[in-house]
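Take a look at how this chain packs.

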Amino acid sequence: MNGRKVCDSHHVNEDVLYATYHAAVEAMIEDAGALLEVIQTETEVEMQPSNKLAMDEVEQQIIELQERVLDLHKQKRAMAISDAYYNAQVNDYSQQLAALEDRQRALQTAEARYATVRMWLADFQQHMQDGDATDDRDGSVMKTLVEAIIVWDDHIEVRFKCGATVEQKYVA
């Protein structure tokens with residue numbers, strides 16, 4: 001209504017966006033085998049082994065802390081330690097346990113993200129095998145694979161949920 005003074009967006013024909021999106025997905029599919037292998041390998045290297053090791057380590061620390069609390073309780077029942085010492089230690093152990101549980105939750109969240117990436121990769125591979133990776137008649141495949149499409153003056157940027165990004169010049 002107020003022209004370019006208020007809005008500097010540009011017009012891109014829907015048919016051009018559609019053709020450009022398909023060209024971007026085709027480009028992704030052409031390199032998909034190698035790309036998926038790299039993503040899967042990098043994800044496994046980055047998240048799985050270190051995350052599993054860290055989760056095991058935190059779990060072991062929680063077990064050891066629980067054993068110390070149990071030992072502390074036994075010492076108190078045997079009247080081998082003072083109430084003040086017992087209360088101070090219980091407070092310290094509670095803080096340590098809370099910190100370990102926070103760390104455990106964070107690691108579990110990373111594990112969930114890893115599972116999400118694995119699921120996305122499996123979905124993408126299935127769509128490629130079925131030959132419907134570019135079939136967007138109902139939009140479900142696109143919603144499964146694509147995180148965002150950014151429209152620029154001379155190209156679009158398709159950000160896939162796996163972390164890959166494809167930039168595609170407009171196709172007429």
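The largest nonpolar core has 14 residues, and Y21, M28, W120, L145, V146, V158 and F160 touch the most other members. A nonpolar core here is a set of buried Ala, Val, Leu, Ile, Met, Phe, Trp, Tyr and Cys residues joined through side-chain atoms within 4.5 Å. Buried means under 20% relative accessible area, exposed over 50%, partly exposed in between (1.4 Å probe, protein chains only). Helix α1 (14-30), helix α4 (83-130) and strand β2 each give two or more residues to this core. The largest share, four residues, comes from α1. Helices (H or I, at least four residues) and strands (E, at least two) are DSSP runs, numbered from the N terminus. A second, separate core of 10 residues includes V58, I62, L72 and Y93.

This is a predicted model: local features need pLDDT of at least 70, side-chain atom pairs count only at pLDDT 80 or more, and totals for chains, interfaces and linings use all residues. Residues are numbered from 1 along each chain as its sequence is written, and side-chain values use heavy atoms, without hydrogens or water.

Now strand β2. It spans residues 155-160 and holds H155. H155 counts as buried because its relative accessibility is 16%. Leaving out residues up to four places away in sequence, H155 touches I150, E167, Q168, K169 and Y170; contact means heavy atoms within 4.5 Å.

K169 also takes part in a salt bridge with D154, at 3.3 Å, N to O. D154 lies in the loop between β1 (146-151) and β2, K169 in strand β3 (residues 165-169), 15 residues apart. A salt bridge is a side-chain nitrogen of Lys or Arg within 4 Å of a carboxyl oxygen of Asp or Glu. The structure holds four. Another joins E157 and R159, 2.7 Å between the closest N and O atoms.
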